[in-house]
Amino acid sequence: SKHLRKQARQLENELDLKLVSFSKLCTSYSSSRDGRRGDTSDTTPLLNNSTQDRMFDTMSVEIEQLLAKLTAVNDKMAEYTNAPGTASLNAALMHTLQRHRDILQDYTHEFHKTKGNFLAIREREDLLGSVKKDIETYKSGSGVNNRRTELFLKEHEHLRNSDRLMDDTISIAMATKENMTSQRGMLKSIQSRVNTLANRFPTINNLIQRINLRKRRDSLILGTVIGVCTILLLLYAFH
């Protein structure tokens, strides 16, 4: 059991570092794209999309492998908890197992959310690049219908403004997540000590359970507010 817990903590630490790097990659992708838009020359000293795409694919595979390993360790701990002869330690083991499961769930959710943000940014980049290319092709091919060209340019500018608004929102979210991630290590250490006390004193354990319930409720409320704001921003951006 101690070996499994040690292995789980090691995997959790590796995942924590990988997810921080993964988040920074998404942020740098957005920043490099904005830099290229402001400088149309070919000498802009930034990573190109193909390099960042390869890094994204590699890191995604590594994180998915770590999540799979952590899931397997949690399953082994669950089997050990249900094994005969562990009835006297069952309460403490179940509490430890649930804590590791919660951490795994948080990491999985964070990975899929960051991955989704990256793919959304890349999709918008491809869309705007296609629109710009169509406009340039139209302008170079025929300049007869100036009115239509003007409408294309206005639409392109509208898309760029909408995209910039979305980038600002995602950057704020990324910065907030990185700040929360940096505090996670300290909070995990504090929670481990509190859990040790909770296993010794039932009253403290009950109090912690109430705090956890309230924390989850607040997380749901915060998630709902962020979701509504995101939807409103999307409606405003593409109106």
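**View 1. Three helices of this predicted model, α3, α4 (146-200) and α5, each give at least two residues to the lining of the largest pocket.** Helices are DSSP runs of H or I with at least four residues, and strands are runs of E with at least two, numbered from the N terminus. A pocket is an open set of points on a 1 Å grid over the protein atoms alone, where a 1.4 Å probe fits, with protein on both sides within 12 Å along at least five of seven lines; lining residues have an atom within 4 Å of a point. The largest pocket holds about 2,400 Å³ of space, a volume filled by probe spheres set on the points, which are joined across faces, edges and corners. Its lining counts 50 residues, with Asp 106, His 109, Met 180, Lys 215 and Ser 219 nearest the centre.

This is a predicted model: local features need pLDDT of at least 70, side-chain atom pairs count only at pLDDT 80 or more, and totals for chains, interfaces and linings use all residues. Residues are numbered from 1 along each chain as its sequence is written, and side-chain values use heavy atoms, leaving out hydrogens and water.

**View 2. The whole protein has five helices and zero strands.** Of its 239 residues, 28% count as buried. Buried means under 20% relative accessible area, exposed over 50%, and partly exposed in between (1.4 Å probe, protein chains only).

**View 3. Glu 64 and Lys 115 meet in a salt bridge, 3.5 Å from N to O.** Glu 64 lies in helix α2 (residues 49-81) and Lys 115 in helix α3, so the pair ties together parts 51 residues apart in sequence. A salt bridge needs a side-chain nitrogen of Lys or Arg within 4 Å of a carboxyl oxygen of Asp or Glu. By this rule there are five salt bridges. Glu 64 is partly exposed at 36% relative accessible area. Lys 115 is partly exposed too, at 23%.

**View 4. Arg 216 forms a salt bridge with Asp 102, with the closest N and O atoms 3.2 Å apart.** This pair links distant parts of the chain: Arg 216 is in helix α5 and Asp 102 in helix α3, 114 residues apart. Arg 216 is partly exposed, at 46%. Asp 102 is partly exposed, at 22%.

**View 5. Leu 128 sits in helix α3 (residues 90-141).** Its relative accessibility is 8%, so Leu 128 counts as buried.
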